[in-house]
Each structure stands twice: as structure tokens, then as C-alpha cells.
Amino acid sequence: MSIINSLSWRYAVKRMNGNKVSQDKLDTLLDAITLSASGFGLQPYQIFMVEDADLKAKIQPIAYGQPQIVESSHLLIFAAWNEVTEAQIDAYMNLIAETRGMSISDLGDFKGAIAGSMKYKSKEQQAEWADRQVYLAMGNALAAAAELRIDTTPMEGFIPAKLDELLGLEAKGLHSVLILAIGERDEATDYMVNVKKVRTPKSELFVQL
Ligand SMILES: Cc1cc2nc3c(=O)[nH]c(=O)nc-3n(C[C@H](O)[C@H](O)[C@H](O)COP(=O)(O)O)c2cc1C
């Protein structure tokens, strides 16, 4: 099956060769990320794209010197909302109404369900909830990139507070959660290029009840 071929082809690349991902493939990857599922469909995040070499060089020390940061074609920085505000819920209701040709008043129950669920969460819990939606988008991005034969490295290995400061994320009501380096594997220098995948056996991972 092609999905298994794609997921077997991908791995977390340790060295990239600096080659650029074509605009066509990049656009498709961004479409796939846009189509990610999220709680209530709220997509409580923004994704910053970095192609500029100087900015990548500033990010590299924040990411413990990982070489993929500067060897990538692009970095996608996934930043989650710090909280879920009423204004953000209203903006989403407007988007639904516009997209589906509905009246805002028909969405009262849905708005109430989102607001009600958020009311029981502290600001920190709302941010954590938003973080979880980012991880889903990342999973989708990894699978879509594999299908497109774009190499990737998902990264938690960086200091979020420092990246937030560099990018001025606090002022935007955001905090960085994950970085996705995209590009092309450097077969000559990447020690992981031909290494077998290690996964928990299916017989342990899945339990028939
Ligand atoms: C959330 C997350 C964070 C990760 N952070 C890093 C990272 O900072 N640097 C890195 O080289 N790999 C990172 N990885 C890659 C994992 O180590 C890798 O996905 C795992 O070992 C499985 O191997 P595979 O993806 O190559 O199949 C991360 C993966 C995930 C899902």
C-alpha cells in the first residue's frame, strides 16, 4: 500500500543537503497541514515559515545546534495559542457562517459548546489543549510530506522561551511548540539514512478487547 511505502520511506532526518523543496510540493504540504483535524475545528495555532539563512542561523543555537536547522529548505515553526479567547471563537463562527452560507445565530449552540468547554480550563490548560492540536497537525505534516517525498525532521529539541523571544510570539498571544525542518536528506553524511526503524511489535501495541 502506498501509505506504508511512504511512511517507511520517511525518517527523522539528521543531515540535509540544503536543496530547496519546490514551490509546488511546498504548497501541497501547506494544503495538507491546513486540512488537519483539530478539536472543534478551531485550529488554535499559527505556523511560521522560515527560509531566510540569517534567521535560521539565529535559531540554530536555540535548537542545541542541530544541523538540520540551517541545512533545511524551510523551517515550519508551529506556535499554539496561549489561551482561547471569545474573540477567537467569534472569528471561527464567522468563518463557518461565511464558508457554509449559514447565519451566525444558527451557530449559537456550537459556540456555547466551545466556550463551555474552555470555561472549565485554566489559561494554562487552554494552552496545553492548543499544544495537543499542534501535535496532530505535525503528525499530518509528517505523513503528507512522506507522500510527497519531502524529507522532514520534527523537533522538540529547542528552547521554546528563547524562540518565542526571538520571534516576538508572546505579543501575538502565541508560544512555540514544535519545529518541522523540511528539505532533502544528505545521503553522504546522514548516519540514519539506512538504519532500520525500531517500533513496538504490533502484537504489543494493539490489544484486542
Ligand atoms: C515530537 C517529536 C519531537 C522530536 N524532536 C526531535 C529533535 O529535536 N531532533 C531530532 O533529530 N529528532 C527529533 N524527533 C525524531 C524522533 O526521534 C523520531 O521520530 C523517532 O526516533 C522515530 O524515528 P523515525 O521518525 O526516524 O521513524 C522528534 C520526533 C517527534 C515526534
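How many helices and how many strands does the protein chain have? Nine helices and four strands, in a model that is predicted.

**Figure 1. The whole protein chain, from one end to the other.** If you read along the sequence, the elements come in the pattern α-α-β-α-α-β-α-α-α-β-α-β-α. The C-alpha trace spans about 60 × 50 × 35 Å along its principal axes. Of the chain's 209 residues, 29% count as buried. Now take the contacts between residues at least 6 apart in sequence: 80% of them join residues at least 24 apart.

Figure 2. Which residues of α2 are buried? They are L26, L29 and I33. Looking down the axis of α2, you'd find these buried residues within an arc of 60°, so they line one face of the helix. Here's the general idea to keep in mind: an α-helix has 3.6 residues a turn, so residues three or four places apart point the same way. Turned away from the buried side of α2 is a face with the exposed residues D24, D27, D31 and T34. As for what covers the buried residues of α2, that includes β1 (45–50), β2 (74–81) and α7 (123–147).

**Figure 3. Inside the largest nonpolar core.** This core has 42 residues. F78, A80, V134, I179 and L180 are the ones with the most contacts inside it. Helix α7 gives the most, with nine residues. As a rule, in soluble globular proteins, nonpolar side chains tend to be buried together.

**Figure 4. Zooming in on A80 and its contacts.** A80 is one of the residues with the most contacts inside the largest nonpolar core. Which residues does A80 contact, leaving aside its neighbours within four places in sequence? The list is P44, Y45, A127, A130, D131, V134, L174, H175 and V177. One name there, V134, also belongs to the group with the most contacts inside the core.

**Figure 5. The residues around the ligand.** Around the ligand you'll find Y11, A12, K14, Q66, T153, P154, M155, E156, G157 and K197.

Terms used:
Residues numbered from 1 in each chain as written. Predicted model: local features only at pLDDT ≥ 70, side-chain atom pairs only at ≥ 80, totals over all residues. Helix = DSSP H or I, 4+ residues; strand = E, 2+ residues; numbered from the N terminus. Buried ≥ 20, exposed ≤ 12 C-beta atoms within 10 Å, placed from the backbone. Contact = placed C-beta atoms within 7 Å. Arc of directions from axis to C-beta. Near = placed C-beta within 6 Å. Core = buried A, V, L, I, M, F, W, Y, C linked by C-beta atoms within 7 Å.
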